[in-house]
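I opened my notebook to look up a few things in this fold. Come along and check each entry against the picture.

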Amino acid sequence: MINRRNYVRYIVGGKVSIETEGDTPKTMVGQLLDLSSAGWGAFFKESIDVNTIIQFDLSANFLEEHLKGKGKIIHVTQQRISGSKGFRIGVEFIEADKDTVSRLLNEKQRIIRQEQVRVIEAEKKSSNQKL
């Protein structure tokens, strides 16, 4: 399978709230699923139209800092997560603080590295005990 993505996507948990722009703004709150330097994905109970421009406020479970900005809905697919029916929504950044995005991604990379080191150390300990 060919990976068509230009940016690494990191699986993250967290919360995101969005508000549509226009005459009748709509507010929705969802579950953050992933983050990249180009945008994010989340699970919402309701659908929203592709190409809709939104304001967003997201927070990842591993960092208290919020990322606020403006984005464009680039894809919507019906999905079921943990038994709940809803929609996976992909958002492309239009305006977002690049430093905050970098801090979030760097912290996620640090967490991944820590977990890899823990697994390697556990494997070494296990193999040493077998000798």
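**Ground rules.** I am working with a predicted model, where local features need pLDDT of at least 70 and side-chain atom pairs count only at pLDDT 80 or more, while totals for chains, interfaces and linings use all residues. Residues are numbered from 1 along each chain as its sequence is written, and side-chain values use heavy atoms, with hydrogens and water left out.

**The barrel.** I looked up how the strands are arranged (strands are DSSP runs of E with at least two residues, helices runs of H or I with at least four, both numbered from the N terminus). Six strands close into a barrel in the order S1-S2-S3-S6-S5-S4, with antiparallel pairing. Two strands pair if DSSP finds at least two bridges between them. I noted 12 bridges between S5 and S6, six between S3 and S6 and four between S2 and S3. S2 and S3 also form a hairpin, with three residues between them.

**Strand S3.** Is S3 mostly covered or mostly open? I found six of its six residues buried, where buried means under 20% relative accessible area, exposed over 50% and partly exposed in between (1.4 Å probe, protein chains only). Gly39, Gly41 and Phe43 are on one side, Trp40, Ala42 and Phe44 on the other, and both faces are covered. Across the sheet, alanine 42 stands opposite isoleucine 89 in S6.

**Aspartate 34.** This residue lies in strand S2, residues 27-35, opposite glycine 41 in S3. I count aspartate 34 as buried because its relative accessibility is 6%. Which side chain does aspartate 34 join in a polar contact? The partner is arginine 9, at 3.3 Å; a polar contact is a pair of N or O atoms within 3.5 Å, where within protein one must be able to donate a hydrogen and the other to accept it, and residues adjacent in sequence count only if both atoms are side-chain atoms.

**The core.** I then looked for nonpolar cores, meaning sets of buried Ala, Val, Leu, Ile, Met, Phe, Trp, Tyr and Cys residues joined through side-chain atoms within 4.5 Å. The largest has 23 residues, and those with the most contacts inside it include Val16, Ile54 and Leu58. Helix H1 (98-130) is among the elements that each supply at least two residues of this core. In soluble globular proteins, nonpolar side chains tend to be buried together.

**Aromatic rings.** I found two aromatic pairs. Rings of Phe, Tyr and Trp (its six-membered ring) pair if their centres lie within 6.5 Å; planes under 30 degrees apart count as stacked, over 60 as edge-to-face and the rest as tilted. Tryptophan 40 and phenylalanine 56 are edge-to-face, 5.6 Å centre to centre with 65 degrees between the planes. Tryptophan 40 is in S3 and phenylalanine 56 in S4, so this pair ties together parts 16 residues apart in sequence. Phenylalanine 56 and phenylalanine 93 form a tilted pair, at 5.8 Å and 35 degrees. Phenylalanine 93 is in S6, so that pair ties together parts 37 residues apart in sequence. Trp40, Phe56 and Phe93 form one aromatic cluster.

Most residues other than glycine have a negative phi. Where do I find asparagine 51? Its place is the loop between S3 and S4, and asparagine 51 has a positive phi of about 80 degrees. Serine 82, in the loop between S5 and S6, has a positive phi near 50 degrees. Serine 82 is exposed, because its relative accessible area is 75%.
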